[in-house]
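Here's a walk through a protein model, from the overall picture down to one strand in the middle of things. Have a look at the sequence and the fold before reading on.

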Amino acid sequence: MQNPILNINKPIRVLVVDDSAIVRKVFSQELSKEKDIEVVGTAPDPYVAREKIIELKPDVITLDIEMPRMDGITFLKKLMQHYPLPVIIVSSLTSKGSSLALEALSTGALEVISKPNAAYSVGDMSIQLADKIRAVYGVHVDARKPVKVNEATNQIAVNSRALAQTTNKIIAIGASTGGTEAIRKVVTRFPVTSPGVVIVQHMPAQFTTSFAERLNGLCQMEVKEAQDGDSVTNGRILIAPGNYHMVLRRSGARYYVQVKNGPMVHHQRPAVDVLFKSVARYAGRNALGIILTGMGSDGAAGMLSMKNEGAINIAQNEKSCVVYGMPKEAVKMGGVDHIEHIDNIAEVAIRCIMR
């Protein structure tokens, strides 16, 4: 499920599907600045998009999910069934838009980006969109299957008394492209008595709120979007809010998180490296790191810092990644102790954290 090395002689062909003429114009203008990306067409609704997909054969589609005539989710389901392509969801920063975006990700879309507004400059948006297009280019989406939100979870059976002794332990997880489903596969298997978990998933503001709410309905552990000062305790999972960095802090025996602004790292906020380096500093050998599917190198340096302080680290293997970028870089840098298929990571993590 990896994307191949990009052929610089053949630009990535993109079709922009959005009912907003302004969004279509902005995306086309910004993406035309990238030498390796070509906007081959635009469409105001799924009906026009269907014809243009057949005619233009794009490599990647950007898709709005709130459109007239046919909503984006319905179109996406049809697309995944009859003509699967890498899809990046474009959504407004609303509760409805965020929920629909997460449904789209579980249906087969690979990435999500917010429409340009006051929260994101056009420049930041265009950089992120171009990066996401490169990340999903060539991914074999026909191998992805929609996931039902109420899908049964095979929770790991462990000695609860043994896990009760891990109150000073921390599990830190980082992910990007394809990460929402990878994270779901891992954390839904954690027992309710698992050590506190802190997560950075590259995702815009507001979307992390819906993501946390969705996971909270699936997990044995409590899941919430992190707020400044939240305690990291057994049975709790904290997800970094979009557009804010999250760092681990310690006061005496108490772990807590600080949610803060700051410059983007690897074009990301939140960034995995920011979290991992703080975990290295304040948790050290009491930490376990997990790096999952995603493009780029965010998290690799932080994972090495964690290992240098005595933490045990796990990377998702290439076969089960949507994009084998972040785990690959962490392995190359020497910060990884175990390389595991996504289906095995939760069990290995719990076994290691009980060491």
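What follows goes from the whole chain to its sheet and then to its cores.

First, some ground rules: this is a predicted model, where local features need pLDDT of at least 70 and side-chain atom pairs count only at pLDDT 80 or more, while totals for chains, interfaces and linings use all residues. Residues are numbered from 1 along each chain as its sequence is written, and side-chain values use heavy atoms, with hydrogens and water left out.

Overall, the protein has 12 helices and 14 strands, taken as DSSP runs numbered from the N terminus (helices are H or I with at least four residues, strands E with at least two). Of its 355 residues, 57% are buried, meaning under 20% relative accessible area with a 1.4 Å probe, protein chains only. Among contacts (heavy atoms within 4.5 Å) with a separation of 6 or more, 75% link residues 24 or more positions apart.

Now find the open sheet of 7 strands, ordered β8-β9-β7-β6-β12-β13-β14 with parallel pairing; two strands count as paired if DSSP finds at least two bridges between them. β8 (222-225) and β14 (338-340) sit at the edges with a single partner strand each, so one side of each has no neighbour in the sheet. Neighbouring strands are turned by 20° against each other on average, direction ignored; the axes here are lines fitted to C-alpha atoms, for helices over the stretch in contact, and angles run from 0 to 180 degrees between N-to-C directions. Helix α8 (residues 207-216) lies across β7 (196-201), β8 and β9 (236-239), at about 175° to β8.

Zoom in on β12. Strand β6 (residues 170-175) runs parallel to β12 (residues 287-291) and is joined to it by 5 bridges; Ile 170 has Ala 287 as its bridge partner, and Ala 172 has Gly 289. Another 4 bridges join β12 to the parallel strand β13 (residues 312-316), where Asn 313 stands opposite Gly 289. Ala 287, Gly 289 and Ile 291 point one way from β12, Leu 288 and Ile 290 the other, and all are buried.

Finally, the nonpolar cores: sets of buried Ala, Val, Leu, Ile, Met, Phe, Trp, Tyr and Cys residues joined through side-chain atoms within 4.5 Å. The largest has 59 residues, with Ile 173, Val 187, Phe 190 and Ile 290 making the most contacts inside it. Helix α12 (residues 342-353) gives the most to this core, 8 residues. Apart from it lies another core of 29 residues, including Ile 170 and Ala 287.

How values were computed: Buried < 20%, exposed > 50% of the residue type's maximum accessible area, 1.4 Å probe, protein only.
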